[in-house]
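Subject: Handover of a structure and summary of findings

Dear colleague,

Please find below the structure that I am passing on to you. I would be grateful if you could read the notes after it with the model open.

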Amino acid sequence: MKMLLCGCWRRCVAMSFRLLFLLPAGLPVRSQGESQSDNKQMDNITVRQGETVFLSCSQGDFVTHTAWLNRSSILYAGEDKWSVDPRVSLVVLNQDEFTIKIEDVDLMDEGQYICAVQTRRRPRTTSVHVIVQVPPKIVNLSKDLVVNEGSNVTLMCLANGKPEPVIMWRMLSPSDDSLSSDTEVLEIPFITRQRAGTYECTAANDIAVDVQTVELTVNYPPSVSEGRDVGTTLGQRGVLLCEADAVPKADIEWYRDDRRIFNDLDGIEIEDAGAISKLTFFNVSEIDYGNYTCVAINKLGSANTSIVLYGPGAVQDGNSGTSTVFTPACLLLILLLQLLLKF
């Protein structure tokens, strides 16, 4: 019963204030000849989300009642706090000034506030509109993507803020100014491996900037560099190199003729380091000379190249993976032909 009476009393007092100051309409009753200055509109107050806003109005002489209201709800009636919001507090209340503050301002605090003052002569109101600015925040961003070369890619970036943020996309790494967008969506048709990298979404307004990134991985089948034939003498070390470019990383296999070469063969080592595979012969013998094939494989395809390991008696025909051997008798015949041509 006590709580019911207390609630009724507070509602009655609130109604009394509204009737006294003619709220929520905010239009005081004026007798004929009274000045429009009894209802004063102050300049808007702009405050950033999270800051503190101070609301102040002048009192004047012969004040009998005073209150700060928001959307017809009483925040303070004189020194009595009516708001249950702990962020609202009284700063100054004297004959000249009535100031309250709202800490950690949020969007819900935006709107019109009214300082109502009742003097012995007539009521007057002072109203002010509070505008809350909110820094941008990216709320929906595409996840990191893995796509196959040739696919169509769409990146999305959505952000909130007040004023409404401007959104821009750009390719951050590797930098490419030609690939950008000033909208929420970035379209990349028929993507190539050169478009793989880090993409940056920027949301900006007058308050701040929010930046987030998306990693875009482009898968493509292997390609191998042209093999360089290697010459080495018997008993020396010989190293064949194979370099493959692929995403995901290619597995590299070595073959001689149709037989795969494994690491456990005596005198041979296969070492993979990143995109490069090395086939090493620690003590080259006559049977090691010949044609070797490097094959790079990933889930999208394969590629290969041939490399020749040859001895000092072989002359290479470029890097074609084949060798032509000239014997001493052949060399003598060639010299004789050159001498006959001179005569």
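The model is a predicted one, in which local features need pLDDT of at least 70 and side-chain atom pairs count only at pLDDT 80 or more, while totals for chains, interfaces and linings use all residues. Residues are numbered from 1 along each chain as its sequence is written, and side-chain values use heavy atoms, with hydrogens and water left out.

Overall make-up

The protein chain has two helices and 27 strands; helices (H or I, at least four residues) and strands (E, at least two) are DSSP runs, numbered from the N terminus. Of its 343 residues, 37% count as buried, where buried means under 20% relative accessible area, exposed over 50%, and partly exposed in between (1.4 Å probe, protein chains only). Among contacts in the protein chain (heavy atoms within 4.5 Å) between residues at least 6 apart in sequence, 63% join residues at least 24 apart.

Disulfides

A disulfide is a covalent bond between the sulfur atoms of two cysteines. Three disulfides were found in a search of the whole structure, the criterion being a pair of cysteine sulfur atoms within 2.5 Å. With the bonded cysteines of the protein chain numbered in sequence order, the pairing is 1-2, 3-4, 5-6.

Cys57 is joined to Cys115, with an S to S distance of 1.9 Å. Cys57 belongs to strand S3 (residues 53-58) and Cys115 to strand S9 (residues 111-119), so this pair ties together parts that are 58 residues apart in sequence. Both Cys57 and Cys115 are buried.

A disulfide also joins Cys157 to Cys201, again with S to S 1.9 Å. This pair links distant parts of the chain, 44 residues apart, with Cys157 in strand S12 (residues 153-162) and Cys201 in strand S16 (residues 197-204). The torsion about the S-S bond of Cys157 and Cys201 is about -75°, so the disulfide is left-handed. Cys157 and Cys201 are buried.

In the disulfide of Cys242 and Cys294, the sulfur atoms are 1.8 Å apart. Because Cys242 lies in strand S19 (residues 238-247) and Cys294 in strand S24 (residues 290-298), the pair ties together parts that are 52 residues apart in sequence. A torsion of about -65° about the S-S bond of Cys242 and Cys294 makes this disulfide left-handed. Both Cys242 and Cys294 are buried.

A strand residue and a ring contact

Thr280 is placed in strand S23 (residues 276-281). Thr280 is buried, with a relative accessible area of 4%. Not counting residues up to four places away in sequence, Thr280 touches Arg237, Gly238, Val239, Gly267, Ile268 and Glu269.

Arg193 lies over the face of Tyr220, at 3.8 Å from the ring centre; a charge sits over a ring if NZ of Lys or CZ of Arg is within 6 Å of the ring centre and within 35 degrees of the ring normal.

The largest pocket

The largest pocket holds about 280 Å³ of space. On a 1 Å grid over the protein atoms alone, a pocket is an open set of points where a 1.4 Å probe fits, with protein on both sides within 12 Å along at least five of seven lines; lining residues have an atom within 4 Å of a point. Among the residues that line the largest pocket are Arg256, Asp257, Ile268, Phe281 and Tyr292. Strand S21 (residues 259-261) gives the largest share of the lining, three residues.

With kind regards

Methods
Points joined across faces, edges and corners; volume = space filled by probe spheres on them.
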